[in-house]
Amino acid sequence: LSDKLYVMCLASKNNKKVTFTCTEKELVGEVPEGRYGHTVNVVHSQSKSMIVIIGGRSYIALGQRTTENWNSVVDCMPHIFLVDPEFGCCTSYALPEFQNGFSFHLSLVQNDVIYIIGGHSLENNIRPPNFYKIKIDLPLGSPAVSCVILSGGISVSSAIMTQTREKEFVVVGGYHSDNQKRMICNTISLDDNKIEIVETEAPEWTPDIKHCKIWFGSDMGNGSILFGIPGDNRQLASDANYFYILKCPVENDQ
C-alpha cells in the first residue's frame with residue numbers, strides 16, 4: 001500500500017470532455033502509513049485549511065510478517081493525522097476517546113468539525129455504533145484537536161451517504177455483519193452544531209438486491225446513489241456486475 005498523497009484538481013470542462021490534473025504531494029513529519037478503508041476530509045478554520053485522515057487498515061509491519069500471515073491486514077493505530085495541504089507537513093494525534101482502530105466508517109464535515117459514524121473494528125470483528133464529534137481549531141500556532149463521544153450512533157460499515165438538503169443527509173447500504181447487508185436507511189440532520197440520526201423509510205428493494213450477499217456503490221450527488229451487485233445469481237454473464245440508481249427526494253423536489 002502506498003503512503004503517497006495525491007491531489008486531483010479540475011483543470012478544464014466542456015460539453016464533451018472533463019480534464020483533471022493529478023499532483024503527488026511530498027509528505028514530511030509523522031507520515032501516515034499506506035492504508036485503505038479510511039476517510040480523507042478537509043476542514044476549514046480561521047481562514048486556514050487542513051487535510052484530516054482518520055481510520056483505515058494496513059498490512060502487518062514487515063518485521064512481523066511470516067509466510068502464513070504475509071498478506072494479513074490489521075487496523076491502523078487509532079490516530080488522527082493532520083496534513084498541511086500547502087507544505088505537506090503531517091502531525092498525528094492520539095485521542096483518549098479512540099480506544100480501537102476502525103475502518104469503512106462514514107465521515108461528515110461541517111467547517112472545523114468532523115462527525116465519525118459507525119465503522120468496522122477488524123481486531124474484534126464488530127461494528128460498534130461509533131459516533132464522534134471531532135473539532136479542529138487552526139490558530140496561528142499548533143492545531144488544537146478535541147473529541148466528544150455522542151449518543152445515538154448506528155452500527156454500520158461500508159455505507160453510502162448522500163446529501164438531500166442543505167443540512168440533511170441520507171445513509172443507505174452497508175453491512176450489519178460480514179454476512180448481513182443493512183437494508184434500512186437513516187437520515188442525518190444538522191442544526192446549530194447539533195446532529196441527529198433517525199431511521200427513515202427504505203426503498204422497495206428489487207429481489208436481486210434483497211438476495212445478493214454483496215453490494216457496493218457511490219454517491220452520485222444531488223441525492224442519487226449508484227448501487228452495484230455481482231451477477232452471481234443470474235444464469236447469463238455471471239461474472240458481470242449489475243447497477244441500479246437510487247434517487248432520494250431532494251430539497252428542490254419539495
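L27 is buried, at a relative accessible area of 16%; buried means under 20%, exposed over 50%, and partly exposed in between, with a 1.4 Å probe and protein chains only. Before going on, a word on the source: this is a predicted model, where local features need pLDDT of at least 70, side-chain atom pairs count only at pLDDT 80 or more, and totals for chains, interfaces and linings use all residues. Residues are numbered from 1 along each chain as its sequence is written, and side-chain values use heavy atoms, with hydrogens and water left out.

Back to L27. This residue sits in the loop between β2 (18-25) and β3. Strands here are DSSP runs of E, at least two residues, numbered from the N terminus. Which residues does L27 touch, leaving aside neighbours within four places in sequence? They are D3, L5, V83, G88 and C90, with contact meaning heavy atoms within 4.5 Å.

V83 takes us to the sheet. V83 is in β8, opposite I51. Strands β5 (residues 48-54) and β8 (residues 79-83) run antiparallel and are joined by four bridges; two strands pair if DSSP finds at least two bridges between them. The sheet is open, with five strands in the order β3-β9-β8-β5-β4 and mixed pairing. β3 (28-29) and β4 (39-45) are the edge strands, each with a single partner, so one side of each has no neighbour in the sheet.

Next, the domains. The assignment, which is automatic or from a database, gives domain 1 (27-157) and domain 2 (159-253). Their centres, taken over C-alpha atoms, are 24 Å apart. The contact takes 17 residues from domain 1 and 18 residues from domain 2. About 1,500 Å² is buried between them, 65% of it from carbon and sulfur atoms; that is the accessible area, with a 1.4 Å probe, that two parts lose on being put together, summed over both. On the domain 1 side, L106, L108 and I154 lose the most area to domain 2, together 33% of what that side buries.

How many salt bridges cross this interface? The rule finds one, the rule being a side-chain nitrogen of Lys or Arg within 4 Å of a carboxyl oxygen of Asp or Glu. R127 and D178 meet in a salt bridge, at 3.0 Å from N to O.

Last, the cysteines. With a disulfide taken as a pair of cysteine sulfur atoms within 2.5 Å, the count is zero. For C147, the nearest cysteine sulfur is that of C76, 18 Å away. C147 is buried, at 10% relative accessible area. For C212, the nearest is that of C185, 14 Å away, and C212 is buried too, at 7%.
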